[in-house]
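Keep the sequence and the 3D view open as you read.

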Amino acid sequence: GEFPWHTHDEDELFLCWDGTFRVELEGQEAVTLRGGELFVVPRGTRHRPVADTRAHVLVLERPETKQYGN
C-alpha cells in the first residue's frame with residue numbers, strides 16, 4: 001500500500017530485501033527498488049514509500065525518528 005507523504009530531519013535508508021516497491025519523491029521521479037537494492041532519502045525530502053504487491057523492506061533510521069515524519 002501507500003505510506004503517507006512525510007519528511008524527516010535526517011536521512012532515511014530503504015533496503016529492499018524481497019519484492020519490489022518504489023519511493024515517491026515530491027517534485028522528482030520515483031525510485032523503484034528490487035531485492036538487494038537500497039536508496040537513501042535525503043533529510044528534508046518529502047517522500048512516501050509505495051508497494052503495489054508484497055515487499056519486504058529494511059528501513060534504517062534513528063530510534064527517535066517519528067514514523068510519519070516531523
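**The nonpolar core**

The largest nonpolar core has 9 residues: F14, C16, F21, V23, L25, L33, F39, V41 and A51. A nonpolar core here is a set of buried Ala, Val, Leu, Ile, Met, Phe, Trp, Tyr and Cys residues joined through side-chain atoms within 4.5 Å. Buried means under 20% relative accessible area, exposed means over 50%, and partly exposed lies in between (1.4 Å probe, protein chains only). Two or more core residues come from each of β1, β2 (20-25) and β4 (38-41). The largest share, 3 residues, is from β2. Strands (E, at least two residues) and helices (H or I, at least four) are DSSP runs, numbered from the N terminus. In soluble globular proteins, nonpolar side chains tend to be buried together.

The model is predicted: local features need pLDDT of at least 70, side-chain atom pairs count only at pLDDT 80 or more, and totals for chains, interfaces and linings use all residues. Residues are numbered from 1 along each chain as its sequence is written, and side-chain values use heavy atoms, with hydrogens and water left out.

**Core residues one by one**

V23 sits in strand β2. V23 counts as buried because its relative accessibility is 0%. Not counting residues up to four places away in sequence, V23 touches F14, A30, V31, L33, F39, V41, H47, R48 and P49. Contact means heavy atoms within 4.5 Å.

V41 belongs to strand β4. V41 has 1% relative accessibility, so V41 counts as buried. Leaving aside neighbours within four places in sequence, its contacts are D11, E12, F14, V23, L25 and H47.

A51 is another core member. With neighbours within four places in sequence left aside, A51 is in contact with G1, T20 and F21.

**How the strands pair**

Two strands pair if DSSP finds at least two bridges between them. β1 and β4 run antiparallel and are joined by 4 bridges. Across that pairing, F14 stands opposite F39 in β4. β1 also runs antiparallel to β6, with 5 bridges. There, L15 has L58 in β6 as its bridge partner. β2 and β5 pair in the antiparallel sense over 4 bridges. E24 stands opposite R48 in β5.

Which residues of β5 point each way? H47 and P49 point one way, while R48 and V50 point the other way; all are buried. In a regular strand the side chains alternate between the two faces of the sheet.

The table gives C-alpha to C-alpha separations for four pairs.

| Pair | Separation in sequence | C-alpha distance |
|---|---|---|
| V23 and P49 | 26 residues | 4.3 Å |
| V40 and E12 | 28 residues | 5.6 Å |
| V41 and F14 | 27 residues | 8.0 Å |
| W5 and E26 | 21 residues | 8.6 Å |

V40 lies in strand β4. V40 counts as partly exposed because its relative accessibility is 35%. Apart from neighbours within four places in sequence, V40 is in contact with D11, E12 and L13.

**The segment before β1**

W5 is in the segment before β1. W5 has a relative accessible area of 31%, so W5 is partly exposed. Leaving aside neighbours within four places in sequence, W5 is in contact with E24, L25, E26, R46, H47 and R48.

E10 is also found in the segment before β1. Is E10 buried or exposed? E10 counts as buried, because its relative accessibility is 16%. With neighbours within four places in sequence left aside, E10 is in contact with R43, R62 and T65.

**The largest pocket**

A pocket is an open set of points, on a 1 Å grid over the protein atoms alone, where a 1.4 Å probe fits, with protein on both sides within 12 Å along at least five of seven lines; lining residues have an atom within 4 Å of a point. The largest pocket holds about 250 Å³ of space. That volume is the space filled by probe spheres set on the points, which are joined across faces, edges and corners.

The lining of the largest pocket has 17 residues, and F3, F14, P49, V57 and V59 lie nearest its centre. β1 (12-18), β5 (47-50) and β6 (56-60) each give two or more residues to this lining. β5 gives the largest share, 3 residues. By class, the lining has 9 nonpolar, 5 polar and 3 charged residues. Ala, Val, Leu, Ile, Met, Phe, Trp, Tyr, Cys and Pro count as nonpolar, Asp, Glu, Lys and Arg as charged, and the others, Gly among them, as polar.
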